[in-house]
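Take each one in turn, and try it yourself before reading the solution.

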Amino acid sequence: MVGVLLAIASLATSFYLRPVEDLLAKAEQAFHQGVVSDLDESRRFYIQAAGQFEELRQRGIANPDLYRNQGNAYLLAGDLPRAIVAYHRGLRLSPNDEELRANLTYCRDQVVYPASGNLGRPPVDHWPPWLPRPTMGSLFFVTLIAYSLFWIGITAWWATRRNELMTLAVIALVVSLLGGAGLMWLDRESRHDHDHPLVVIAKDGVLLRRGNGLSYPTVAEQPLNQGVEARLRFYKGDWIQIELAGGEVGWMPGKAGIIDAL
Amino acid sequence: MIRIGFLLGISVLVFQAGSIPAAEPDSPKNFKPGEKDNFIGAEGTSFRMTSRVSQTEVNVDDPLTLTIRISAAGKWQTPPRRPDLKALERFKNGDFHIERATSSKADREYPKENAWEFDFKLRPRDEAVQKIPPLLFTYYNPEVLFEDKRWIPMSAPGIPINVKPRSRVRPREIEGGKPLRPPERFFQVTEGSEVLRRQSSFTLSWGLAMVLILAPPALCMGGYFIWSKLYPDAANQARRRRSRAARRALRSLRSYSGKKAEDAVAMGQVLVNYLRERFELTAADPTHAEVAAFLHHLGCPDPLIGRTARYFQECDAIRFAGNENPSMNGLASEAESLIHDLEAQPWSASS
């Protein structure tokens, strides 16, 4: 009986939900209509496309191309904060995607930061542009290869006592240790992102306060505008505590920000 | 009866004049004569209150100054003290942050006009704040007939204000009002089935990590074991090469040319050092007979003992013969061969 009910529910769900291919086709169509329409009409089509990309995401579709499309749609629709969130999601899956990174940089250039100081500005990226960013998968593969070469080299040296094999083993060991350290660092970063998800401020003129209420004094005189990125620390009721890239901590209404829950 | 009715009617009229239908908090309509709430200490026959603000447009959390002016229209005995805004209901909802004043006295006095002004610094906390609420305070008029009717209200209406957020200027607004067009790449969308793939971040469980850490050494050990079974000679040679004493002796032997008498002495000494280091030969400068006896004690086969003893005999002969160009054919290679053969003995592996 339970199985029958589950089967009926599944059938009903499949009739109600459109196939993902149809959803993608409609999203692409809406986007193209936005491109050819005039300024007033186009925004409506971009919002529609972005919403359909979001529905694909909620159905488990996740890849850098989808997030790039969604980010572009949001940006052209005028929704800067959601565009930033989309680009961040894409970069999480593909840190070396240059177009995603360039699009995120463009979005950050559209944010109105306070005139003086570094309040709210995104973190400075010190990574050399010519050096590929390591991913968990690639780093794991290199570490495993180096680790295996170390053991092969040690075993061969044990059998033949040839010094060049020991040299190879030592080099492989050093590479595997470096790779292991890199994996631990990436894992720590991933856990930090999971524990403190990205928050993008969704409206202009948001003042950070010292407590979770309007009766608390502000942290800084300058307000934060939409597009400013931060990390979630705590939430209490309708208020959230965030930390900016410069280390400033404060509370703001939860509805004033978009949280990229992982 | 008529007099009683008249008095009753007058009382009703007085009561009706004194009663105020309930309206809003802090509203004069809601005030009943005789109530002492919000008394500001002023005593006199008639006081009036007005209010003004320094500006009607202000940003969120920026200060503005509310000035309350209280003036006496008639005789007065006691001047007003600073009104307490936080005592008013409408100021208790937190719409304004009211800065604490340093003194309860008036900020400015106008003796000729019988007026006093009090300044209050207010900061609106939210854009939703639309006005400064109306004010209602009381003074004491000692000349009113009935004592409980001597507290008289005075009020000032609310003042509309416009609270704006801090900053709304965008770069495109500075550009003359025309929105900047994003680069062309934003107007392109990736199409195809690639957009529908489900990609997730790489994760590694602790269990799989332990398997991958232990797999290479286990496989290498297993491979070595299989190799030693498939190629025993090669394995044996490897074991011999593992002997540090043998490696050192062989390396030393290669450094000698084997053509001079001194080399013969040295090579013999190398072999003695090898026996001492490898098998713990105690004699400092053994004769060939002592070496033979030592090897016999270890269980070395007789042919090998004989070869070793003859080697030392030849070395001694060259050493004591005084011939500067002795015949040392194959002495170096014989020494190497002896070392290899000694390492190959079964009893040497356990030494």
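**Exercise 1.** Find how many salt bridges the rule gives across the interface of chain B and chain A, and name the residues.

*Solution.* In this predicted model, the rule finds one salt bridge across the interface of chain B and chain A. Next, look for the charged partners: Asp65(A) pairs with Arg197(B). Finally, check the distance against the cut-off of 4 Å: the closest N and O atoms are 3.0 Å apart.

**Exercise 2.** Describe the rest of the contact between chain B and chain A, and say which helix of chain B gives the largest share of its side.

*Solution.* Start with the residues: 44 of chain B are in contact with 57 of chain A. Then take the area: about 4600 Å² is buried between the chains, 60% of it on carbon and sulfur atoms. Now count polar contacts, which come to 16 residue pairs. On the side of chain B that touches chain A, helices H3 (206-230) and H4 (232-242) each supply at least two residues. The largest share, seven residues, comes from H3(B). By type, the residues of this side are 22 nonpolar, seven polar and 15 charged.

**Exercise 3.** Work out the strand order of the open sheet in chain A, and explain why strands S4 and S5 each have one side without a neighbour.

*Solution.* The five strands run in the order S4-S3-S2-S1-S5, with antiparallel pairing. S4 (249-253) and S5 (257-259) of chain A stand at the edges with a single partner strand each, so one side of each has no neighbour in the sheet. From one strand to the next, the twist averages 45°. For one pair, take S1 (198-201) and S2 (229-236) of chain A, joined in the antiparallel sense over three bridges; here Leu198(A) stands opposite Arg231(A).

Methods. Residues are numbered from 1 along each chain as its sequence is written. Chains are lettered from A and ligands numbered from 1 in the order in which they are written. This is a predicted model: local features need pLDDT of at least 70, side-chain atom pairs count only at pLDDT 80 or more; totals for chains, interfaces and linings use all residues. Side-chain values use heavy atoms; hydrogens and water are left out. Two strands pair if DSSP finds at least two bridges between them. Helices (H or I, at least four residues) and strands (E, at least two) are DSSP runs, numbered from the N terminus. Axes are lines fitted to C-alpha atoms, for helices over the stretch in contact, and angles run from 0 to 180 degrees between N-to-C directions. Contact means heavy atoms within 4.5 Å. Buried area is the accessible area (1.4 Å probe) that two parts lose on being put together, summed over both. A salt bridge is a side-chain nitrogen of Lys or Arg within 4 Å of a carboxyl oxygen of Asp or Glu. A polar contact is a pair of N or O atoms within 3.5 Å; within protein, one must be able to donate a hydrogen and the other to accept it, and residues adjacent in sequence count only if both atoms are side-chain atoms. Ala, Val, Leu, Ile, Met, Phe, Trp, Tyr, Cys and Pro count as nonpolar, Asp, Glu, Lys and Arg as charged, and the others, Gly among them, as polar.
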